[in-house]
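Please read the report below alongside the sequence and the structure, and look for each named pair as it comes up.

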Amino acid sequence: MSGSDDDSTGELLTELAGKLDYATYLRLEQLLSAQRPLASPPHHDELLFIVQHQTSELWFKLVLHELRGAIEALQRMDARSCCKILARVSHIQSQLMNQWSVLATLTPSEYVQFRHVLGPASGIQSYQNRMIEFVLGNKDPRMLAVFQHDPPVLAQVKATYEAPTLYDEYLRFLARSGMTIPREVLERDVTKPHRSHPDIVAALKKVYAEPVIYWNAYEMAEKLVDIDEAYALWRHRHVKVVSRVIGHKRGTGGTAGVAYLEKIVGNVFFPELWDVRTQLEEVRP
């Protein structure tokens, strides 16, 4: 069949003047004009560096949106919606993980030619990523100071810091479901990191021992572990890429660079969900 006979486009809309089109809906003019390399003379790879971090921030925005939705679902005891949302977060984390392989193509020789234009700008100043960490439970008050120069942003970050975490809401969900969760945990100071509690491990042991009975709690627990594990793997990939590109130089934001990243790789958000695995007993026929 010749190209002139191909009618696969059907009734292709071409009269779009004054109508909502793809570029307008997505605000592509603003989006695609937001990449403004600073190196002089221009360096080919600075655009890669900017796009890598801007796309990460877009994914971070979606992660925050989804985590807030998961918290709302827990509050209204909607386990099914919460599980679906948490599964979506895991898929977003996969996208964020895969992005590191693109940045890893930036060699040390290339990066040193434009790294100076960053000045003190650093990924540690990503307020969205910090808010994700706070929602997931890594409450570190020292990080609030990073945003004190920008009061509106500081207000957002501080509000997230002072709010209950996703795990707090999961434990409250368990309590409302009839499981025994200690009062001191349910009424804890949510600005502090959550510490593993033996009574919660015991409650989760019941969930994992009888998943059919406690299916909602069990399924959500596994979804939370997926997120916790993926975040650890993302951090590890971050360490390796930074090490590959800058070695052991200090970070532009003042951290120790690779040494700082290595220190936080082993952090976990939901400690009892890991501790319970040691407590489960073998089932013999």
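A salt bridge is a side-chain nitrogen of Lys or Arg within 4 Å of a carboxyl oxygen of Asp or Glu. This is a predicted model, in which local features need pLDDT of at least 70 and side-chain atom pairs count only at pLDDT 80 or more, while totals for chains, interfaces and linings use all residues. Residues are numbered from 1 along each chain as its sequence is written, and side-chain values use heavy atoms, with hydrogens and water left out.

The structure holds eleven salt bridges, and the table lists some of them.

| Pair | N to O distance |
|---|---|
| lysine 158 and glutamate 162 | 2.5 Å |
| glutamate 187 and arginine 183 | 2.8 Å |
| lysine 205 and glutamate 281 | 3.6 Å |

Lysine 205, whose salt bridge is with glutamate 281, lies in helix α10 (residues 198-209), whereas glutamate 281 is in the segment after α13 (271-279), so the pair ties together parts that are 76 residues apart in sequence. Helices here are DSSP runs (H or I, at least four residues), numbered from the N terminus.

How open these side chains are is described by relative accessible area: buried means under 20%, exposed over 50%, and partly exposed in between, with a 1.4 Å probe and protein chains only. In the pair of glutamate 187 and arginine 183, both residues are exposed. Lysine 205 counts as partly exposed at 28%, whereas glutamate 281 counts as exposed at 64%.

Technical notes
Helices (H or I, at least four residues) and strands (E, at least two) are DSSP runs, numbered from the N terminus.
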